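I opened my notebook to look up a few things in this model. Here is what I am looking at.

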Amino acid sequence: MKTAFEAKNADDVKAKTEALDAAWMAASEELYAAGQQPGADAGAQNQGNANGAEDVQDADFEEVK
């Protein structure tokens, strides 16, 4: 894709963009289907502390623009 862009080949860039979109769509469909299966997120829900207490720490931060 990078070489097609640098060569200013619009047709090649368009073809490669469409191929990338198709690959992304296929991956998205697989992720969505995996998330719809029963028990798919059960592990994520059980990753908290065993006693239910939260370990929260306050921190300072600086927003850089």
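Accessible areas here come from the Shrake-Rupley method with a 1.4 Å probe. By that method, I read that the protein chain exposes about 6400 Å². Carbon and sulfur atoms supply 53% of that area. I note that this is a predicted model.

Next I looked up burial. How much of the protein chain is buried? Buried residues make up 2% of its 65 residues.

Then I checked the confidence. The protein chain averages a pLDDT of 80. I see that 78% of the residues score at least 70. Where is confidence lowest, and where is it highest? I found the lowest in helix 3, residues 42-45, at a mean of 53. Helix 2, residues 10-36, has the highest, at 91.

I went on to the elements. I count three helices and zero strands in the protein chain. From the N terminus on, the order is α-α-α.

Last, I looked at Lys-8. I found Lys-8 in the loop between helix 1 (2-6) and helix 2. Its phi is near 60 degrees. That is a positive value, in a residue other than glycine. Is Lys-8 buried or exposed? Its relative accessibility is 68%, so I list Lys-8 as exposed. The cut-off for exposed is over 50%.

Definitions and conventions:
Residues numbered from 1 in each chain as written. Predicted model: local features only at pLDDT ≥ 70, side-chain atom pairs only at ≥ 80, totals over all residues. Heavy atoms only, no water. pLDDT = per-residue confidence, 0-100. Helix = DSSP H or I, 4+ residues; strand = E, 2+ residues; numbered from the N terminus. Buried < 20%, exposed > 50% of the residue type's maximum accessible area, 1.4 Å probe, protein only.
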